[in-house]
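Colleague: Could you take a close look at one part of this model for me? I would like to hear about the aromatic residues and the strands around them.

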Amino acid sequence: MFTLEGRTLIMSGASGKYGTVSGTFRTPPDRLHFKELDYDRRDKEVEIDFSQPVQYKNVKVTVKDAAGKSYTAKITEKSSRELEVYVKGLKAGKTYTVTVSGVRGKGTTDKYGTVSGSFTA
């Protein structure tokens with residue numbers, strides 16, 4: 001939250017008179033995004049860290065390669081800051097896109113939506 005202060009010219013008849021105006025406004029929070037995406041080759045898991053705490057509603061994770069092929073993704077751990085997702089069949093060195101749907105910033109009235117990002121296996 002920020003306080004806005006400034007000057008305004010208030011006209012009184014033919015003479016001008018200065019006064020002060022102040023108020024409060026809120027800036028919207030940063031848009032929800034992935035803070036970090038890491039792939040653990042040994043465990044075959046993608047660790048998804050969010051930019052802020054989140055809430056879930058019917059959360060779903062999809063993983064696709066550059067050609068659009070989908071891979072089965074199973075959520076193994078879930079917290080307000082991150083997801084861990086098991087994904088079988090990814091190839092080392094290839095880039096994949098992960099999309100999480102049914103997520104929003106915790107404590108917001110935003111609609112549940114999707115967040116996407118890419119990582120290299």
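Modeller: Happy to! Tyr 39, Tyr 71, Tyr 96 and Phe 119 form one aromatic cluster. Before the details, a word on the source: this is a predicted model, where local features need pLDDT of at least 70 and side-chain atom pairs count only at pLDDT 80 or more, while totals for chains, interfaces and linings use all residues. Residues are numbered from 1 along each chain as its sequence is written, and side-chain values use heavy atoms, with hydrogens and water left out.

The structure holds five aromatic pairs (rings of Phe, Tyr and Trp, the last by its six-membered ring, with centres within 6.5 Å; planes under 30 degrees apart are stacked, over 60 edge-to-face, the rest tilted). The ring centres of Tyr 71 and Tyr 96 lie 5.5 Å apart with their planes at 85 degrees, so this pair is edge-to-face. It links distant parts of the chain, since Tyr 71 sits in strand β6 and Tyr 96 in strand β9, 25 residues apart. Tyr 71 is buried at 14% relative accessible area, and Tyr 96 is buried at 2% (buried means under 20%, exposed over 50%, partly exposed in between, with a 1.4 Å probe and protein chains only).

Now the strands (DSSP runs of E, at least two residues, numbered from the N terminus). Four of them make an open sheet in the order β6-β5-β9-β10, with antiparallel pairing (two strands pair if DSSP finds at least two bridges between them). Its edge strands are β6 (70–71) and β10 (113–120), each pairing on one side only. Nine bridges join β5 (residues 54–65) to β9 (residues 95–105), and Lys 64 has Thr 97 in β9 as its bridge partner.

Notes
Helices (H or I, at least four residues) and strands (E, at least two) are DSSP runs, numbered from the N terminus.
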